Amino acid sequence: NAPKTSTIKVEDTAMLLIDHQSGLFQLVKDMPEPELRGNVSALAQVASMLRMPVITTASVPEGPNGPLIPEIKKFAPHSVFVPRQGQINAWDVPEFVKAVEATQRKTLVIAGTLTSVCLAFPALSAAAAGYRVYAVVDASGNWSKMATDLTIARLAQAGVIPIDTFAMIGEIQKTWNRPDAQRFAELFGNFVVP
C-alpha cells in the first residue's frame, strides 16, 4: 500500500508527464499556454535536479494531437518514453504500468493534458492500484474551468491529492538551507512565477 506520509518524499516519488502534446495544447482554455509550458518545464527540470524518474507517453502523436513538447526532453533528458497503441488511459498500457513499477516508487506526481482525461484517468487508476498520487493541475490544462473543477472534485473523492506546480516544488525543496537553493530560486524565477 502507498505510504501515508504528510508530504512528498523525493526518494519515493516518480513523475508521470502524460500527453503534453502540441496539438492538445491548442484545446487548453483554462490557462494561458505559456504558463502551462512553464509549469511542465519546471516539473521536468526539478525531476532532473533531484534525479527523480520521469515517464512520458503520447496519445496518437503522429495525428492531430502532435508530438510531445520539446521542453520535456530538454529539461528531463533522462525521461523514459512509453508508446501507446491508441489507449486513452495510459494506465491501460501494460508497458506503461511496468515502467512505473520498475521505478520501485510508491508516490506518483502526475500531470497530463488534458486534465479531465489524460491526467484524471491514470491518476484514478494509479490510486486504485495503491499508489499515493499527486495531480499537478496547473501543469495539465483543460478545455474549460468547469471541466477542471469537476475533475479536481472527482480526483479528490478518489484519494488523489490535487496540487499546483509551485506548491509541489516547494514541498520537495523543503528548505532554502541546501546546496542547490540557487537552482530552486532560478527554477521559480524562470518558469513558475510570471
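Lys145 and Asp149 sit four residues apart, about one turn of the helix, and both belong to helix H6 (residues 145–157); helices here are DSSP runs of H or I with at least four residues, strands are runs of E with at least two, and both are numbered from the N terminus. This is a predicted model, in which local features need pLDDT of at least 70 and side-chain atom pairs count only at pLDDT 80 or more, while totals for chains, interfaces and linings use all residues. Residues are numbered from 1 along each chain as its sequence is written, and side-chain values use heavy atoms, with hydrogens and water left out.

Lys145 forms a salt bridge with Asp149, with 2.8 Å between the closest N and O atoms; the term stands for a side-chain nitrogen of Lys or Arg within 4 Å of a carboxyl oxygen of Asp or Glu. An α-helix has 3.6 residues a turn, so residues three or four places apart point the same way. Lys145 is exposed at a relative accessible area of 56%, whereas Asp149 is partly exposed at 38%. For these labels, buried means under 20% relative accessible area, exposed over 50%, and partly exposed in between, using a 1.4 Å probe and protein chains only.

H6 also has a helical partner. Helix H5 (residues 115–128) packs with H6 at an angle of about 5 degrees, their axes 10 Å apart. That makes H5 roughly parallel to H6. The axes are lines fitted to C-alpha atoms, for helices over the stretch in contact, and the angles run from 0 to 180 degrees between N-to-C directions; under 35 degrees counts as roughly parallel, over 145 as roughly antiparallel, 65 to 115 as roughly perpendicular, and the rest as oblique. On the H5 side, Thr115, Ser116, Leu119, Ala120, Phe121, Ala123 and Leu124 meet Ala147, Thr151, Arg154 and Leu155 of H6, with contact taken as heavy atoms within 4.5 Å.

The salt-bridge count comes to five. One of these pairs joins Asp19 to Arg84, whose closest N and O atoms are 2.8 Å apart. Asp19 lies in the loop between E1 and helix H1 (22–25), and Arg84 in the loop between strand E3 (80–81) and helix H4 (94–102), so the pair ties together parts that are 65 residues apart in sequence. Both Asp19 and Arg84 are buried.

Arg84 has a further polar neighbour in Thr57: the two side chains make a polar contact at 3.1 Å. Such a contact is a pair of N or O atoms within 3.5 Å; within protein, one must be able to donate a hydrogen and the other to accept it, and residues adjacent in sequence count only if both atoms are side-chain atoms. Thr57 belongs to strand E2 (residues 54–57) and is buried, at 0% relative accessibility. Leaving aside neighbours within four places in sequence, the contacts of Thr57 include Asp19, Leu68, Phe81, Pro83, Arg84 and Phe96.

Glu71 is in helix H3 (residues 70–75) and Arg37 in helix H2, 34 residues apart, and the pair links distant parts of the chain. Glu71 counts as buried at 17% relative accessibility, while Arg37 is partly exposed at 22%. Helix H3 also holds Lys74, which is exposed at 60% relative accessible area. Between Lys74 and Gln45 there are 29 residues of sequence separation and 8.6 Å in space, C-alpha to C-alpha.

Helix H7 (residues 165–173) has Thr165, Met168, Ile169, Ile172 and Gln173 buried. Seen down the axis of H7, these residues fall within an arc of 130 degrees, so they line one face of the helix; the arc is that of the directions from the helix axis to the C-beta atoms. Their packing partners are strands E1 (13–18), E4 (107–112), E5 (132–136) and E6 (161–163), along with helices H2 (33–49) and H8 (181–192). At the N-terminal end, Asp164 caps H7, with a side-chain oxygen 3.1 Å from the backbone nitrogen of Phe166. After H7 comes Lys174, with a positive phi near 70 degrees.

Finally, Thr103 is found in the loop between H4 and E4 and is buried at 17% relative accessible area. A polar atom of the Thr103 side chain lies 2.6 Å from the backbone oxygen of Val100. Not counting residues up to four places away in sequence, Thr103 touches Ala14, Pro53 and Ile55.
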